[in-house]
Amino acid sequence: MKVDILLGLQWGDEGKGKVVDVLTPRYDVVARFQGGPNAGHTLEFEGQKYVLRSIPSGIFQGDKVNIIGNGVVLDPALFKAEAEALEASGHNLKERLHISKKAHLILPTHRILDAAYEAAKGDAKVGTTGKGIGPTYTDKISRNGVRVGDILHDFDKKYAAAKARHEQILKSLNYEYDLTELEKAWFEGIEYLKQFRFVDSEHEINGLLSEGKSVLCEGAQGTMLDIDFGSYPFVTSSNTVCAGACTGLGIAPNKIGEVYGIFKAYCTRVGAGPFPTELFDKTGDQICTLGHEFGSVTGRKRRCGWIDLVALKYAIMVDGVTKLIMMKSDVLDSFETIKACVAYKVNGEEIDYFPFDIEGVEPVYVELPGWQTDMTKMQSEDEFPEEFNAYLSFLEEQLGVPVKIVSVGPDREQTIERYTEE
């Protein structure tokens, strides 16, 4: 049995949570393989809206196993708040959610360090969410991390050592802070975590595969935020690409089947960093308003622009995408024309590949007719207007991968599969 992977192809916020929820009925297991509570996945169905930060988006399907993998970093306090809110809405998490012993814990001092490092950078700040993600991954790589499994063995000693090390760093930065409330909530989260099943997730997932179970791996953020292949240094601290599922869950490369790549019909980005197709005019504001482009975790306004096919082709290449999923097509319903970036101009030269540095590149656009139809009312591919079909055909020709699923609205039901391949 193969493992299918679903990940974002842009700068995050592509709508991965909704698609995982839609695809989950086809799988026995849903697993998160990287990231932390800095990335929120928003789902809407049956008149309710849910924002998931660390918990896999398959949690709403009652008979599925959901796994938080070793590549994830977990904040016990934020996890507790998220899980209790879901349980209050009638979802029994403790029976269906398993947590890898090898997942690293975000400590209260990691969050303080995150703020201190950003403050020290001044105008060069990366624009982190302040959730302690970067410092936690830093400790992981430097072999100083505290893991979920440590809760079961000499935990107080390991926590105290990590805290002392962090406080020395904060002292050297002359950063003032108060840990009291953060630490209180954190230890309450640790006690809550103990109610869940801690697993060796690499053994569990491979065991389930050997039993013929189907697994869907869920990524966070987006490919262009990958620590290696994204727009460094304005990136996240983990591997958001397809290969991250191998290291973040303990899955061999030959176990990978379909790779679903999700993108919006336009582009957004949160925080600092280069964004070639960003719009600074009323069109950008209009996309932001129509798309409700505000962070599900931070509430920050997202920067908006036209779709970038140069970056998208790059993401498809490094991820090995086999099927594309286009989200938020309805946001562009009212536009008379729509632009798509097909190349960059760098020092007067036109290139069609993603370069080492995209700071200051100039997008080269083609203009396409808009569909000017209310896509939220569409119930099947047969109802798509001619201009919308032309846009999809243009994308498939440019990207070389079929657009398998199209989202025409925020609700679970507003998801249309275009065709079935043999």
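Me: Is aspartate 319 buried or exposed?
Reply: Aspartate 319 is buried, at a relative accessible area of 4%. Buried means under 20% relative accessible area, exposed means over 50%, and partly exposed lies in between (1.4 Å probe, protein chains only). The model is predicted, so local features need pLDDT of at least 70 and side-chain atom pairs count only at pLDDT 80 or more, while totals for chains, interfaces and linings use all residues. Residues are numbered from 1 along each chain as its sequence is written, and side-chain values use heavy atoms, leaving out hydrogens and water.

Me: Which element holds aspartate 319?
Reply: Aspartate 319 belongs to helix α10. Helices (H or I, at least four residues) and strands (E, at least two) are DSSP runs, numbered from the N terminus.

Me: What does the side chain of aspartate 319 make a polar contact with?
Reply: The partner is the side chain of threonine 223, at 2.6 Å. A polar contact is a pair of N or O atoms within 3.5 Å; within protein, one must be able to donate a hydrogen and the other to accept it, and residues adjacent in sequence count only if both atoms are side-chain atoms.

Me: Which residues is aspartate 319 in contact with, leaving aside neighbours within four places in sequence?
Reply: They are Leu7, Leu9, Thr223, Val241, Cys242 and Val259. Contact here means heavy atoms within 4.5 Å.

Me: How many residues of α10 are buried?
Reply: Eight of the eleven residues in α10 (residues 309-319) are buried, so the helix is largely enclosed by the rest of the structure. Among them are Leu309, Leu312, Tyr314 and Ile316. The buried residues of α10 pack against β1, β11 (256-264), β14 (307-308), β15 (323-327), β16 (337-346) and α11.

Me: Changing topic: what is the strand order in the open sheet of ten strands?
Reply: The order is β9-β7-β5-β2-β10-β1-β11-β15-β19-β20, and the pairing is mixed. The edges are β9 (197-199) and β20 (415-417), each with a single partner strand, so one side of each has no neighbour in the sheet. Neighbouring strands of this sheet are turned against each other by 25° on average, direction ignored. Two strands pair if DSSP finds at least two bridges between them.

Me: How do β1 and β10 pair?
Reply: Strand β1 (residues 3-8) pairs with β10 (residues 215-218) in the parallel sense, over four bridges. Valine 3 stands opposite valine 215 of β10.

Me: Which helix packs on the sheet?
Reply: Helix α7 (residues 201-210) packs on it, touching β1, β2 (29-32), β5 (65-68), β7 (97-100), β9 and β10. The direction of α7 makes about 145° with that of β5. Axes are lines fitted to C-alpha atoms, for helices over the stretch in contact, and angles run from 0 to 180 degrees between N-to-C directions.

Me: Where do the buried residues of α7 fall, seen down its axis?
Reply: The buried residues of α7 are Ser201, Glu202, Glu204, Ile205, Leu208 and Leu209. They fall within an arc of 165°, so they line one face of the helix. The arc is that of the directions from the helix axis to the C-beta atoms. The face turned away from the buried side of α7 carries the exposed residues His203 and Ser210.

Me: Which peptide bond is cis?
Reply: A cis peptide bond joins tyrosine 232 and proline 233, with omega about 5°. Proline 233 sits in the loop between β10 and α8 (243-249).

Me: What about the phi of histidine 292?
Reply: Histidine 292 has a positive phi of about 50° although it is not a glycine. Histidine 292 lies in the loop between α9 and β13 and counts as exposed, at 62% relative accessibility.

Me: Finally, which residues does UniProt list for "binding site"?
Reply: The unreviewed UniProt entry lists Ser296, Val297, Thr298, Gly299, Arg300, Lys301 and Arg302. UniProt positions follow the numbering used here, feature names are shortened, and annotations may be inferred rather than shown by experiment. Arginine 302 is in the loop between α9 (282-290) and β13 (303-305), and is buried at 8% relative accessible area. The side chain of arginine 302 makes a polar contact with that of aspartate 13, at 3.3 Å.
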